[in-house]
Amino acid sequence: MTTAPPPPAPAPTVGLIGLGRIGTVLLTALRRFAPEARVVVAGRDPARTAAAAASWPGVATLEAARLAAEADMVVPCVPPEAYRAEVAALAPHMRADALLVVVTNAIPLRDLGPLCDRPIVRVIPSPAQAVGRGVALVTPGPGAGPGEVERVVALLRRFCRPVVVDPADGRVAANLAGSAPAILAAFCAAFLDANAARATVSGPAELRAMMVESVAALAALLAEGARFEDVVARTATPGGTTEAAITALDARALGERLVAATVRREAQLLGLAPPPPLARGGSAPSPSLSGEFPCR
Ligand SMILES: NC(=O)c1ccc[n+]([C@@H]2O[C@H](COP(=O)([O-])OP(=O)(O)OC[C@H]3O[C@@H](n4cnc5c(N)ncnc54)[C@H](OP(=O)(O)O)[C@@H]3O)[C@@H](O)[C@H]2O)c1
């Protein structure tokens with residue numbers, strides 16, 4: 001982030017339950033970019049949780065019930081299958097003015113309302129937040145109005161670009177804001193490997209450095225206003241090797257295949273019927289969260 005926005009006032013106490021991948025990302029982001037916030041953590045194994053938090057002085061490891069009683073924002077960072085039980089266990093201890101922040105897309109927010117009578121806001125973070133970048137998707141749930149959304153957004157602004165998203169576009173937003181870095185990274189790794197397999201003199205470190213610099217160069221070009229299409233057009237000389245690679249990529253079909261896979265998997269996770277295939281030239285609605293708590 002270039003210019004840090006002002007800290008929210010008063011600074012919140014954020015309670016993270018579960019220091020796995022995304023819990024650790026949020027802990028890192030909060031400590032690096034929102035030092036005014038108090039952070040408390042809890043986990044199934046308190047000693048392991050305390051050890052995981054030890055690199056950030058001042059982060060207290062508490063029992064989950066005590067964390068829920070102290071936090072302004074209670075943030076379970078546990079797998080979807082554990083979410084309902086975790087929320088049900090935390091809810092009775094939460095302060096009257098506390099918010100429940102839900103970090104998974106795999107649980108309909110309406111399922112959590114009966115388990116927790118505090119306002120619920122969904123935030124889908126991404127690992128990019130550990131370095132103060134990326135989009136976090138924000139969706140108001142049961143009991144959450146503009147004031148609650150603003151409390152969450154004000155904190156997120158310290159380390160990323162929060163976007164309040166209508167649930168009707170929840171899947172496409174999650175793909176572009178959350179999954180895209182991992183999908184691009186997977187492609188880069190495969191492209192690097194395919195080239196490394198043919199290299200005769202250059203070593204792996206040198207090849208990796210070239211790939212990393214190419215990704216950084218793309219980011220710089222985009223930051224200066226180039227569009228994806230511009231970068232392709234500037235690089236792919238008609239009849240040349242880059243054009244041959246881009247033709248072989250068949251990117252339009254690949255993109256559609258990836259998106260269809262996410263839509264199918266989300267429907268499975270939510271226990272919904274498989275989505276219909278995308279009509280030619282049309283758009284299929286996301287099967288998941290459509291109609292649920294549209295943005296206010
Ligand atoms: N990873 C991402 O990039 C990402 C992005 C957006 C949202 N999310 C959401 O974030 C949540 C966590 O994902 P993750 O990738 O961080 O998973 P993870 O790395 O597997 O971490 C899961 C955490 O939950 C704890 N846990 C596991 N099973 C539990 C249970 N039955 N009861 C209580 N705690 C339990 C684990 O504790 P132990 O260490 O004791 O096993 C661990 O701290 C998921 O709901 C996911 O949808 C993840």
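Q: Which of the 17 residues around the ligand come nearest?
A: This is a predicted model, in which local features need pLDDT of at least 70, side-chain atom pairs count only at pLDDT 80 or more, and totals for chains, interfaces and linings use all residues. Residues are numbered from 1 along each chain as its sequence is written, and side-chain values use heavy atoms, without hydrogens and water. Around the ligand there are 17 residues (a heavy atom within 4 Å), and those that come nearest are R21, I22, R44, V78 and V103.

Q: Which residue has a side-chain N or O atom 3.1 Å from an oxygen atom of the ligand?
A: A polar side-chain atom of R44 lies 2.8 Å from a ligand oxygen, and a backbone N or O atom of V78 lies 2.8 Å from a ligand oxygen. The 3.1 Å distance belongs to the side chain of T104.

Q: Which residue forms a salt bridge with E36?
A: The structure holds 11 salt bridges (a side-chain nitrogen of Lys or Arg within 4 Å of a carboxyl oxygen of Asp or Glu). In one of them, E36 lies in the loop between α1 and β2 (38–42), and its partner, 122 residues apart, lies in the loop between α6 (146–156) and β8 (161–164); strands (E, at least two residues) are likewise DSSP runs. With the closest N and O atoms 3.0 Å apart, the partner of E36 is R158.

Terms used
Polar contact = N/O pair within 3.5 Å; in protein donor to acceptor, adjacent residues only side chain to side chain. Helix = DSSP H or I, 4+ residues; strand = E, 2+ residues; numbered from the N terminus.
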